[in-house]
Amino acid sequence: TVTEFELLHEQAYQNKFSEREQGRLRAIYNYVDQHYHQKIELHEVAKISNMTKEAYCRYFKKVSNYTFIEFLNRYRISQSKRILMSGKSISTACYETGFESLSYFSRVFKKVTQENPRDFRKRYL
């Protein structure tokens with residue numbers, strides 16, 4: 001048996017979020033995971049967090065460094081990439097992930113991934 005070991009870091013990882021905040025974030029992420037393919041209203045997510053829309057927006061930005069819309073768009077883009085890699089069309093990837101406009105989808109996709117959906121799809125097919 002090996003008895004020598006070297007710590008990779010002097011201090012153990014400490015989650016900066018309390019149990020209550022972890023539960024709140026888990027509820028938000030679960031909601032997004034279950035509803036990303038449809039329209040998500042800010043007041044719905046704020047309600048899950050027991051906050052006003054304004055308080056929720058400040059809270060989410062503080063804990064994630066993203067606005068909720070930025071987070072939601074990034075999540076939807078990651079889901080759309082899976083759809084594109086499976087061989088489905090760009091419009092299918094757009095509408096199945098909750099985007100309501102192909103041009104907005106393309107703009108967000110390029111902003112998040114640094115390439116347009118067509119080039120991404122071409123690269124993986």
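**Helix packing and nonpolar cores**

Arg74 lies in helix H4, where helices are DSSP runs (H or I, at least four residues) numbered from the N terminus. The model is a predicted one, in which local features need pLDDT of at least 70 and side-chain atom pairs count only at pLDDT 80 or more, while totals for chains, interfaces and linings use all residues. Residues are numbered from 1 along each chain as its sequence is written, and side-chain values use heavy atoms, with hydrogens and water left out.

At 37% relative accessibility, Arg74 is partly exposed (buried is under 20% relative accessible area, exposed over 50%, partly exposed in between, with a 1.4 Å probe and protein chains only). Leaving aside neighbours within four places in sequence, Arg74 is in contact (heavy atoms within 4.5 Å) with Tyr66 and Val112.

Helix H4 (residues 68–85) also meets helix H1 (residues 19–35): their axes come within 11 Å and cross at roughly 50 degrees. Axes here are lines fitted to C-alpha atoms over the stretch in contact, and angles run from 0 to 180 degrees between N-to-C directions. Ile28, Tyr29, Val32 and Asp33 of H1 make the contact with Phe68, Phe71, Leu72 and Tyr75 of H4.

Of its 16 residues, Ile28, Val32, Val45, Tyr56 and Phe68 touch the most other members. H1, helix H2 (42–48), helix H3 (53–64) and H4 each supply at least two residues of this core. Apart from it lies another core of 10 residues, including Ile83, Phe99, Val108 and Phe120.

Notes:
Core = buried A, V, L, I, M, F, W, Y, C linked by side-chain atoms within 4.5 Å.
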